[in-house]
Amino acid sequence: MLDFIGRLFAWWNGATLGALWTISRSGKLVGEDDYGNRYYQERKSGSGADGVPRRWVVYKGYADASRVPADWHGWLHHTFAEAPVDAPLPRREWELDHKPNLTGTVYAYRPAGSLADPRPRAASTADYEAWRPDA
């Protein structure tokens with residue numbers, strides 16, 4: 001029951017009931033990425049912008065666009081005609097694995113001197129020195 005209510009009102013965790021209804025009526029599953037996100041495309045073409053079929057992603061867990069890998073992002077935005085399950089992008093030796101945006105998590109980057117860094121900030125020659133009227 002709680003899952004039903006959450007799906008009815010919450011767009012940030014998976015998909016709402018309205019989105020699931022639309023996808024079940026007019027969409028077909030194209031594939032799934034390594035993170036569990038599922039990708040859909042409209043069965044008939046022509047109802048999207050410029051006559052191209054609409055494409056959707058249903059996130060597994062929290063909806064965060066940075067969790068979509070580059071190859072699926074290109075497919076969603078019609079940069080690539082074929083889905084990555086049919087025609088995967090060639091992987092270069094210098095490419096790193098995709099990581100979602102970690103801002104706001106405990107794994108976020110906190111450089112030295114950041115207010116969020118627990119270490120004390122090193123002194124700088126450009127530090128502010130307060131004005132004293134007696135000097």
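# A quick tour of the predicted model

The protein chain exposes about 10,700 Å², and carbon and sulfur atoms supply 56% of it (Shrake-Rupley areas with a 1.4 Å probe; for residues, only the protein chains shown count as cover). This is a predicted model, where local features need pLDDT of at least 70, side-chain atom pairs count only at pLDDT 80 or more, and totals for chains, interfaces and linings use all residues. Residues are numbered from 1 along each chain as its sequence is written, and side-chain values use heavy atoms, with hydrogens and water left out.

**The overall layout**

- You'll find 3 helices and 3 strands in the protein chain; helices (H or I, at least four residues) and strands (E, at least two) are DSSP runs, numbered from the N terminus.
- Starting at the N terminus, the elements of the protein chain go α-α-β-β-β-α.
- The protein chain has 135 residues, and 23% of them count as buried (buried is under 20% relative accessible area, exposed is over 50%, and partly exposed lies in between, using a 1.4 Å probe and protein chains only).
- Take the contacts in the protein chain between residues at least 6 apart in sequence: 36% of these join residues at least 24 apart, where a contact means heavy atoms within 4.5 Å.

- The 3 strands make an open sheet in the order 1-2-3, with antiparallel pairing; two strands pair if DSSP finds at least two bridges between them.
- Strand 1 (27-32) and strand 3 (55-58) are the edge strands, each pairing on one side only.
- On average, neighbouring strands of this sheet are turned by 30 degrees against each other, direction ignored (axes are lines fitted to C-alpha atoms, for helices over the stretch in contact, and angles run from 0 to 180 degrees between N-to-C directions).
- Helix 2 (residues 17-26) packs on the sheet and touches strand 1, strand 2 and strand 3. The direction of helix 2 makes about 100 degrees with that of strand 1.

**How the strands pair up**

- As background, strands of a sheet pair through backbone hydrogen bonds, either parallel or antiparallel.
- Strand 1 and strand 2 are antiparallel partners over 5 bridges, and Gly-27 has Glu-42 in strand 2 as its bridge partner.
- Strand 1 and strand 2 also form a hairpin with 5 residues between them, and Gly-36 in the turn has a positive phi of about 95 degrees.
- Strand 2 has 4 of its 5 residues buried, so it is largely enclosed by the rest of the structure.

**The nonpolar core**

- Tyr-39 turns up again in the largest nonpolar core, which has 8 residues: Tyr-39, Tyr-59, Ala-63, Val-68, Trp-72, Trp-75, Leu-76 and Ala-83. A nonpolar core is a set of buried Ala, Val, Leu, Ile, Met, Phe, Trp, Tyr and Cys residues joined through side-chain atoms within 4.5 Å.
- Helix 3 (residues 70-76) gives the most to this core, with 3 residues.

**Just after helix 3**

- His-78 sits in the segment after helix 3 and has a positive phi of about 60 degrees, although it is not a glycine.
- With a relative accessible area of 34%, His-78 is partly exposed.
- Leaving aside neighbours within four places in sequence, His-78 is in contact with Val-52, Pro-53 and Arg-55.
- His-78 and Arg-55 are 23 residues apart along the chain, with their C-alpha atoms separated by 8.7 Å.
- Ala-81 also lies in the segment after helix 3, and Ala-81 is exposed, with a relative accessible area of 69%.
- Not counting residues up to four places away in sequence, Ala-81 touches Arg-55 and Trp-75.

**The salt bridge**

- The count comes to 1 salt bridge, by a rule that asks for a side-chain nitrogen of Lys or Arg within 4 Å of a carboxyl oxygen of Asp or Glu.
- Arg-91 and Asp-97 form a salt bridge, with the closest N and O atoms 2.8 Å apart, and both Arg-91 and Asp-97 are exposed.
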